[in-house]
Amino acid sequence: MSHRDLIDAVSVVAPLPCDAAGLVFAEPWQAQAFAMVIALHGQGLFTWPEWADALSHEVKAHGMADDGSRYYEFWLEALEHLAIAKGISTHQRIDDLAAAWARAAEATPHGKPIALGNDPVTGGAITL
Amino acid sequence: MSGDHHHHHDHDHDDHSHLTPIEARVKALESILVAKGLVDPAALDVIIETYETKIGPRNGARVVAKAWADPAYAARLKTDATAAIAELGYSGRQGEHMVAVFNDAATHHLVVCTLCSCYPWAVLGLPPVWYKSAPYRSRAVLDPRGVLTEFGVVLPEAIKLRVWDSTAETRYLVIPQRPAGAEGWDEDRLADLVTRDSMIGTGLALKPPGSSG
């Protein structure tokens, strides 16, 4: 893992939220978003300087709150924009799919895994 | 194509799952990346475990430490865990009802669930990867003693095992037994003995370094 490289690259933009013990994620989705970036970098989809540019763009566009509470919102937006720029998906598809996941969750009884196929509108038949 | 479906808008929000808009976007991106073969869900879990020095505030350890150190707090925790946990400034995002179950010499508690989102991460941090697996859930119910053995927790036969299944409304926090050898410790030191696994019942609290037994 190129932990150090990542931290160095994004520190120029905005340091990862952390405390004395290490990285801090306030909610599970933040860890998921973080891990997706590490995985895509591992696949060679982008370099850390490229990632830092993408993140920097979001931070500048929105203005980082002093307490860093929106850090991973910007992180996720940067990831979306980079994925779109790399031709992996489109805004429309991501929007459609997010709506399908939200509907699938509402249609999933508590205690059952949320599956895209539970979406009553698309039944999971949706273009990825 | 959706015209044939029956929609049940019963407004009973307690018995189904929910994703916030940002959680739904994360799921959307993840499913796209998985479908494109760019990420493997199992690899994401590994990455999270690798970097997880601190995911979510491990507030539960503070709750347990306070319950060990302060009998009056332990009593409040037993009566109304939601309020007692809120006293320390922690509350779940969905305002879920918390119940604290206390291990003692006669009973050991084990919590299952989390095929969905009912893990009280605001108190415990993120669930371990194995905890989300369907086999863990079913085996913990059918053979809790066997599951515990796999986690290296071997309890005397005389100790009764109780398995708690989280529901949409109620999340459980196991209060492990206070280990011997930590007499007189303050809450900060005690909290270091409280592992995540001990608060879901698949582990025991750590023994103080140098203590016997």
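Chain B contains 10 helices and five strands, helices (H or I, at least four residues) and strands (E, at least two) being DSSP runs numbered from the N terminus. The structure is a predicted model, in which local features need pLDDT of at least 70 and side-chain atom pairs count only at pLDDT 80 or more, while totals for chains, interfaces and linings use all residues. Residues are numbered from 1 along each chain as its sequence is written, chains are lettered from A and ligands numbered from 1 in the order in which they are written, and side-chain values use heavy atoms, with hydrogens and water left out.

Of the 213 residues in chain B, 47% are buried; buried means under 20% relative accessible area, exposed over 50%, and partly exposed in between (1.4 Å probe, protein chains only). The chain exposes about 10,400 Å², of which carbon and sulfur atoms supply 55%; accessible areas come from the Shrake-Rupley method with a 1.4 Å probe, and for residues only the protein chains shown count as cover. Among the contacts in chain B with a separation of 6 or more, 68% are between residues 24 or more positions apart, a contact being heavy atoms within 4.5 Å.

Strand E5 of chain B spans residues 170-175, and six of its six residues are buried. In a regular strand the side chains alternate between the two faces of the sheet. In E5(B), B:Thr170, B:Tyr172 and B:Val174 lie on one side and B:Arg171, B:Leu173 and B:Ile175 on the other, and both faces are covered. E5(B) pairs with strand E2 (residues 97-102) of chain B in the parallel sense over six bridges; pairing requires that DSSP finds at least two bridges between two strands. Within this pairing, B:Arg171 is the bridge partner of B:Met98.

In chain A, helix H4 (residues 71-85) has 15 residues and reaches 21 Å from its first C-alpha to its last, close to the 21 Å expected; the expected span is 1.5 Å times one less than the number of residues. Its buried residues include A:Tyr71, A:Phe74, A:Trp75 and A:Glu80. Just after H4(A), A:Gly87 takes a positive phi of about 75°.

The largest nonpolar core has 55 residues, and A:Leu6, A:Trp51, A:Leu55 and A:Trp75 have the most contacts inside it. Such a core is a set of buried Ala, Val, Leu, Ile, Met, Phe, Trp, Tyr and Cys residues joined through side-chain atoms within 4.5 Å. Helix H2 (28-42) of chain A and helix H1 (21-35) of chain B are among the elements that give two or more residues to this core, and H2(A) gives the most, with 10 residues. A second, separate core of 45 residues includes B:Tyr73, B:Leu77, B:Tyr90 and B:Phe102.

Over all chains there are 11 salt bridges, each a side-chain nitrogen of Lys or Arg within 4 Å of a carboxyl oxygen of Asp or Glu. A:Glu50 and A:Lys86 form one of them (2.7 Å, N to O); the pair links helix H3 to the loop between H4 and H5 of chain A, 36 residues apart. A:Glu50 is partly exposed at 29%, and A:Lys86 is partly exposed at 35%. In another, A:Asp119 meets A:Arg103 (2.8 Å, N to O). A:Asp119 is buried, at 2% relative accessibility, whereas A:Arg103 is partly exposed at 29%. A network of salt bridges links A:Glu80, A:Asp95 and B:Arg25.
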